[in-house]
Amino acid sequence: MSFPWWRDAVVYEIYVRSFADASGDGVGDLAGIRERLPYLSRLGVDAIWLTPFYPSPMADGGYDVADYRGVDPLFGTLADFEALVADAHELGLKVIVDIVPNHSSSAHPWFQEALRGVGRDRYIFRDSEGGLPPNNWQSTFGGPAWTRVADGQWYLHLFAPGQPDFNWRNPVIHEEFLDILRFWLDRGVDGFRIDVAMGLYKAEDLPDVEDQSFMSRSPIWGQPEVHEVYRQWRKVLESYPGERMAVGEVWTDSAEDLARYVRPDELHQSFNFAWLQAPWSAEAFRKVIADTLATVPFATWVLSNHDVVRHRTRYETADPGTGLSRAKAALLTMLALPGSAYLYQGEELGLPEVKDIPDHARQDPVFFQSKGRLPGRDGCRVPLPWTSTGASLGFSPDGVRPWLPQPKVFAELSAERQSGDPDSTLEFYRRALACGRELLKSLPYTLEWLDSPEGALFFTRGPLICAINCGMDEVRLPPYERVLMASGPVDGDRLPPDTATWLQAS
Ligand code: NOJ
């Protein structure tokens with residue numbers, strides 16, 4: 001039986017601004033990605049997901065889109081995009097692009113018209129008394145979710161003021177996005193990553209939020225009407241040849257809520273943030289895995305992305321020095337699970353979060369909107385080190401400084417330095433992905449738990465046993481035939497702490 005490509009794909013997220021800069025302006029671009037496609041093919045991933053590259057004032061790194069059908073000159077041209085898709089396909093890599101339907105940029109022509117008083121019902125404008133915002137909603141980035149315009153009305157922005165929310169109760173918005181989907185599908189994209197997919201609709205009268213901690217009872221997120229949007233989108237995707245797909249960025253309180261977005265006539269996948277939020281604990285991992293497999297038809301697993309602290313650093317916070325071993329062990333576990341895995345650029349190099357970016361160099365609106373209270377997300381967005389020398393470690397052409405400063409440690413972790421070194425994180429990722437491709441794609445889409453010692457988690461998928469030890473002491477492995485992969489030393493039947501292994505069952 002054959003399954004759609006995305007069911008067990010390994011997808012590599014490219015944060016376009018920080019992957020590779022071919023033009024020499026210090027910012028990553030499409031031509032830079034194109035040059036590095038052979039690296040990705042050799043890494044062994046199945047698909048790439050590109051973060052927004054559309055014309056944008058970059059109030060939120062491109063998640064503020066001014067033109068949904070173009071390429072920002074910072075990143076190249078539409079011809080560069082088409083060439084990138086063609087080359088990726090040539091190498092057998094699928095291409096997923098980001099679609100941002102909850103909000104546009106304030107530079108979008110529709111919002112500019114709205115400011116002039118034309119077509120305000122494409123956005124969410126309201127009057128309010130007493131100089132106060134129309135309700136108590138807070139922006140995800142900090143501060144009120146409302147900004148007042150010159151004539152006294154207020155508009156809603158769940159993120160930065162430069163990201164006004166669309167009014168999805170207006171049918172024009174539906175038509176526009178169906179057309180945008182077709183525009184990119186016509187250019188050969190294999191799928192979409194949907195930004196803030198549980199946003200879009202807001203409760204009709206925009207009531208105050210009573211309890212910020214419950215997304216499920218929120219007037220802001222997860223309104224039932226949003227599902228009809230994805231039903232329409234699914235039809236468009238299915239009207240194209242090939243297995244075009246959509247993966248939603250859906251933050252929910254529970255796996256049950258998440259499951260509603262991936263009903264058979266809605267999105268194909270949604271990110272599983274519960275996995276990313278789980279602490280380094282066998283018990284926590286087991287719960288997330290069990291809940292996910294019980295509730296969604298096609299699971300996804302993600303450890304890092306451009307919005308969160310890199311997992312190497314997250315895992316290290318409680319126990320210094322353990323981050324890299326744990327990150328490698330988590331990768332093996334993630335790849336062994338049924339479903340698809342989303343990797344974030346640089347994790348294959350074992351990059352840590354960069355915590356010491358000076359304030360004057362920071363770019364993320366989270367830092368500014370929280371008035372410096374929160375560091376923001378720049379620390380996981382630092383441009384990749386391709387080589388160990390030069391002003392940008394091979395990210396930009398010689399002599400050019402990248403848009404965010406790279407720390408010294410990146411030189412030691414460069415792709416050049418690691419490539420060919422069997423003990424490097426990069427070669428470990430290459431081996432794991434190659435071995436996974438051979439072994440895992442043919443396995444049944446099921447998992448069985450084995451009795452596991454305290455602190456560890458053992459499960460089987462067909463003839464494969466995966467074991468991870470999150471505890472403080474070594475544990476005894478179940479009987480096995482041979483070791484297929486290991487993230488650290490496996491000695492006979494002993495699995496050390498912070499280590500995972502794939503074993504062939506006896
Ligand atoms: C989620 C994106 O991943 C994030 O980077 C962005 O800031 C928000 N959505 C708003 O678009």
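The model is predicted, so I kept its conventions in view: local features need pLDDT of at least 70, side-chain atom pairs count only at pLDDT 80 or more, and totals for chains, interfaces and linings use all residues. Residues are numbered from 1 along each chain as its sequence is written, and side-chain values use heavy atoms, with hydrogens and water left out.

Ligand site. I looked up the shell around the ligand and found 14 residues, the closest being Asp60, Asp195, His306, Asp307 and Arg377. I sorted this shell into four nonpolar, three polar and seven charged residues, where Asp, Glu, Lys and Arg count as charged, Ala, Val, Leu, Ile, Met, Phe, Trp, Tyr, Cys and Pro as nonpolar, and the others, Gly among them, as polar.

Polar contacts. For pairs of N or O atoms within 3.5 Å, I noted a ligand oxygen atom at 2.8 Å from an N or O atom in the side chain of His306. I also noted a ligand oxygen atom at 3.0 Å from a side-chain N or O atom of His103, and one at 3.0 Å from such an atom of Arg193. Taken alone the ligand exposes 290 Å², and the protein buries 97% of that (accessible areas by the Shrake-Rupley method with a 1.4 Å probe).

Sheets. I then turned to the strands, which are DSSP runs (E, at least two residues) numbered from the N terminus, and which pair if DSSP finds at least two bridges between them. Eight of them form an open sheet with parallel pairing, in the order E9-E8-E7-E3-E2-E1-E11-E10; its edge strands, E9 (269-270) and E10 (300-302), each pair on one side only. Strand E8 (residues 245-248) pairs with E9 over two bridges in the parallel sense, and I traced Val247 to its bridge partner Gln269 in E9.

A further open sheet has three strands in the order E4-E6-E5, with antiparallel pairing. Here E4 pairs with strand E6 (residues 154-156) over two bridges, and Phe125 has Tyr155 in E6 as its bridge partner.

Conventions
A residue is near a molecule or strand if one of its heavy atoms lies within 4 Å of it. A polar contact is a pair of N or O atoms within 3.5 Å; within protein, one must be able to donate a hydrogen and the other to accept it, and residues adjacent in sequence count only if both atoms are side-chain atoms. Helices (H or I, at least four residues) and strands (E, at least two) are DSSP runs, numbered from the N terminus.
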